Amino acid sequence: MRATGKNAGLGLALFSAFAFGGSGVAAKPLIEAGLDPLHMVWLRVAGAALVLSPLAWRHRDLLLRRPALLAGFGLVAVAGVQAFYFASLSRIPVGVALLLEYLGPALLLGYIRFVQRKPVTRGAAAGAAVAVVGLACVVEIWAGLSLDLLGVLFGLAAACCQAFYFVFADQGSEGKDAPDPLGVIAYGMLIGALVMTVIARPWEIDWQVLGGDASVGGTMVPAPVLLGWVVLLATVFAYITGVVSVRRLSPQVAGVVAFLEAVVATVLAWILLGEYLSTWQIVGGALVLGGAFIAQSSRPAPQPVAEPVPVDREPTKAPL
């Protein structure tokens, strides 16, 4: 049963990585058509919140039971990652910003080991190290050497928020009082949308862009179709499968598998948007895949089960 649950968790983690990775391919044409990046983020989060609002009503008891978890997930795992990543992106190269954000799984291992004081499997640590090297090749970090300090700090803040996404996703996953992950995601999106409303100022959105078409690799696609892709597939589906996979695997293993998002984003951009994939990026993608495999195939050392100590009984006295 445990093996089946882990295999299912790995499959969900892979689906989540592919869904998240496809967001850029759908969002970039809308941005190039004239949509502000922060407005794109607000539409993504607010649209997901609207879709998931029936689940929020169904699990409204979570507001009283787990308010801190809901606030943390919404502020950090949803709004924090998006806001800090785009702030970083505005000051440093795209590839470097992406690498900084995806240092999150590596930071997660440090949090688990030194803050929670829990053991980290050697496989997960080795997988994270290999995946970080591979990701550096995927984004070709050497192409951006002149870095803005504030941009780097924003990127590291996005990485910290991404690390806590896995922590919050695993929070309260055991016991009879474990919150339903769908309810956590629904309220996370609602809180994230409220926060992003203040940051993005959606009343300034150029709605004409969403009424037209956008070019995807030379093919004109209706903007609402691309927006639906971002909201339904790359947000709602991605978050649901991601959170459930964390609970079936573990934060450290699911975190390393999440490195695949960068590979998926790069490959889809190559195929659909015509963005060239270099030899180093292909090598890096193979390293990320290898790192994810090493991490998910690791098994924690089984804890020895103490056998019950037999109780010595007094010898029965012979009858006189």
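Q: Which helix gives the nonpolar patch its largest share?
A: Helices (H or I, at least four residues) and strands (E, at least two) are DSSP runs, numbered from the N terminus. Here the largest share of the patch, three residues, comes from helix 15 (residues 279–297). This is a predicted model, where local features need pLDDT of at least 70, side-chain atom pairs count only at pLDDT 80 or more, and totals for chains, interfaces and linings use all residues. Numbering starts from 1 along each chain as its sequence is written, and side-chain values use heavy atoms, without hydrogens and water.

Q: Where does V133 sit, and how accessible is V133?
A: V133 belongs to helix 8 (residues 122–138). Buried means under 20% relative accessible area, exposed over 50%, partly exposed in between (1.4 Å probe, protein chains only). V133 has 47%, so V133 is partly exposed.

Q: Which residue in helix 8 can I compare with that?
A: Take A128, also placed in helix 8. A128 has 3% relative accessibility, so A128 counts as buried.

Q: How far is A128 from V253, in sequence and in space?
A: The two lie 125 residues apart in sequence. Their C-alpha atoms are 8.9 Å apart.

Q: Buried or exposed: which is V81?
A: V81, in helix 5 (residues 67–89), counts as buried because its relative accessibility is 9%. Its C-alpha atom is 6.0 Å from that of Q162, 81 residues away along the chain.

Q: What is the C-alpha separation of I191 and L75?
A: It is 6.7 Å, across 116 residues of chain. I191 lies in helix 10. With a relative accessible area of 23%, I191 is partly exposed.

Q: At what angle do helix 2 and helix 3 cross?
A: Axes are lines fitted to C-alpha atoms (for helices, over the stretch in contact; angles from 0 to 180 degrees between N-to-C directions). Helix 2 (residues 23–32) crosses helix 3 (residues 37–58) at roughly 130°, and their axes come within 10 Å. That makes helix 2 oblique to helix 3. Under 35 degrees is roughly parallel, over 145 roughly antiparallel, 65 to 115 roughly perpendicular, and the rest oblique.

Q: Left-handed or right-handed: which is the crossing of helix 2 and helix 3?
A: Left-handed has the near helix turned anticlockwise from the far one by less than a right angle; right-handed has it clockwise. The crossing of helix 2 and helix 3 is right-handed.

Q: How do helix 9 and helix 12 pack?
A: Helix 9 (residues 149–170) meets helix 12 (residues 223–248) at about 70°, with the axes 8 Å apart. That makes helix 9 roughly perpendicular to helix 12. Helix 9 passes helix 12 in a right-handed crossing.

Q: How many salt bridges are there?
A: A salt bridge puts a side-chain nitrogen of Lys or Arg within 4 Å of a carboxyl oxygen of Asp or Glu. The count comes to one salt bridge. The side chains of D61 and R65 form a salt bridge at 2.8 Å, N to O. D61 is partly exposed at 34% relative accessible area, and R65 is partly exposed at 34%.

Q: What is the phi of R201?
A: R201 has a positive phi of about 50°, although R201 is not a glycine. R201 lies in the loop between helix 10 (181–200) and helix 11 (207–210). At 42% relative accessibility, R201 counts as partly exposed.
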